[in-house]
Amino acid sequence: MNAVLKEANPHAELFERQLAKSRELSLTTAAQRADKIRRLLKAILDARPAILEAGFKELRLAPTDIDAQLLMIKTEAEFICRNLAQWMAPQRIQGSLMTLGKVSTVRHEPKGTVLHVSTWNAPIAEAFIPAFGAIAAGCTFTLKPSELAPHSAQVLADIVGQVFGDDEFAVIQGAAEAASALLALPFNHIFYIGGHAVGRIVLRAAAEHFATVTLEMGGKNPVIVDASADPAEAGRKIAWGRVANAGQVCLAPDYALVHESVVGAFTGELAKSMQAMYNADGKGFRHSPELPRIVNRKHFDRIKALLDDALAKGAKLEFGGETDADDLYVSPTILSAVTEDMRIMRDEIFGPIICVIPYARREDAIETVRRRPKPLGSYIFAKDREAIDWFLARTTSGSTVVNHNLIQSGTNPHLPFGGVNASGQGRLGGRFTFLECSNPRAVVEDRYPAGDPNIMFPPYSDKYKKMVGQMLGKEIKLPDAAINAINGVIRLTSVFSKR
């Protein structure tokens, strides 16, 4: 490490110890790594009361919503522990005509040191899902939790400190200065969950050390409601998807493109469902125990400014619209008559407001989606199979759910989770997190001599020149089964020739 950087950076000494520890961890077995994950999971679940208290203080989250995070964490940890030995085992690779007599494998070796700059809207899950993958891969891990969730950050530090020394897993609390200092260090891999502004900073910092990066950055996620959709079903599910966590979810539907034939029915069902879920007793949305608050005044002001700008420019308030700065409260809200010049159609809302936009032709809906950066998630509501396939073929996103929303993350560890271009890069979840923290190392062993082993060395014989020329001049059609059979013969010939 650069001597000046080492002297100036408050975390340089910690990094050096983690770098040394990473060499030791690279030699650990699947059983040893799985044991660490199980011990960490136990510490997390034992800390449930403290986690619940932190979530309530920061976002006024209901216990059930926090338990859903814990269930996600538990499922992820158990899945990794069940499968880790298989993931770590050398993978035998199909041979080719050019590798006759050789054995090809892929071994997943740990990248080494991993940094995670995490965010605040689901701070426990977002901290530990990448951590499990790094531990599984045999890496050290440094977590920089968000300063916007300080109670959760302290709980995270307490949990990790019970299981790991900081040379293996460290939690560094602090604001932007702490993140900047950590990003200046030559970590091998960096995870970042958050917004575009910091995402660009992370990418620039990673480039200085050629670190690989996993980014998850959200975006304006569209939901398309086709003419064949059931308005009641779509309204109920989208109401939940938009208002969950007060809309502070990277995958939440941001705007709804609804076929003009069902837009009235859909908007009515959307409002009806918001009422049923978050104001069932009629006492008002602000009294719902399931409706969280906005994380801080800065984010409240940002959301309020988006709403005010839209209304000032002619948007129609179909439902909701209540706000209270002192309580950091924004009610579930539906807007219509929105236009492209409104900030709410350009910026990610990250609050419990959804814009409903009618469309006449499918092509119009697609054009609206394509005018924006590629989203993290997209949603299609339709009963017509042809319509579903048509929209899937003409849109792109990190993930897509048909006839539901918000269910693609943390529910199936076999699925990759992540964004595309502006919404992110790399993938999280199960084996995908393990792979993000691993280097797939190609290994070729020259075990069994095939023919003349010296034929490929200069000076090239006429026979070798002719053979290469013939291979260039025609398609090589030798099937894998034939190559495997030839390799078997070569192996047997080699064994008998040694006797």
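This is a predicted model: local features need pLDDT of at least 70, side-chain atom pairs count only at pLDDT 80 or more; totals for chains, interfaces and linings use all residues.
Start with strand E13, residues 333-336. In a regular strand, the side chains alternate between the two faces of the sheet. In E13, Thr-333 and Leu-335 are on one side, and Ile-334 and Ser-336 are on the other. Are these residues buried or exposed? All four are buried, and both faces of E13 are covered.

Now the pairing. E13 pairs with strand E10, residues 316-319, in the antiparallel sense over three bridges. For Lys-316, the bridge partner in E13 is Ser-336. E13 also pairs with strand E14, residues 353-359, over three bridges, but here the sense is parallel.

Next, the loop between E13 and E14. Phe-350 lies there, and its phi is near 55°, a positive value in a residue other than glycine. Phe-350 has 16% relative accessibility, and it counts as buried because the cut-off is under 20%.

A second residue to look at is Phe-210, in the loop between helix H9, 196-209, and strand E7, 212-216. Phi of Phe-210 is near 55° too, again positive and again not in a glycine. Is Phe-210 buried or exposed? Its relative accessibility is 76%, and exposed means over 50%, so Phe-210 counts as exposed.

Last, a peptide bond. Pro-458 and Pro-459 are joined by a cis peptide bond, with omega at about -5°. Pro-459 sits in the loop between strand E18, 438-446, and helix H16, 462-473.

Technical notes. Residues are numbered from 1 along each chain as its sequence is written. Side-chain values use heavy atoms; hydrogens and water are left out. Buried means under 20% relative accessible area, exposed over 50%, partly exposed in between (1.4 Å probe, protein chains only). Helices (H or I, at least four residues) and strands (E, at least two) are DSSP runs, numbered from the N terminus. Two strands pair if DSSP finds at least two bridges between them.
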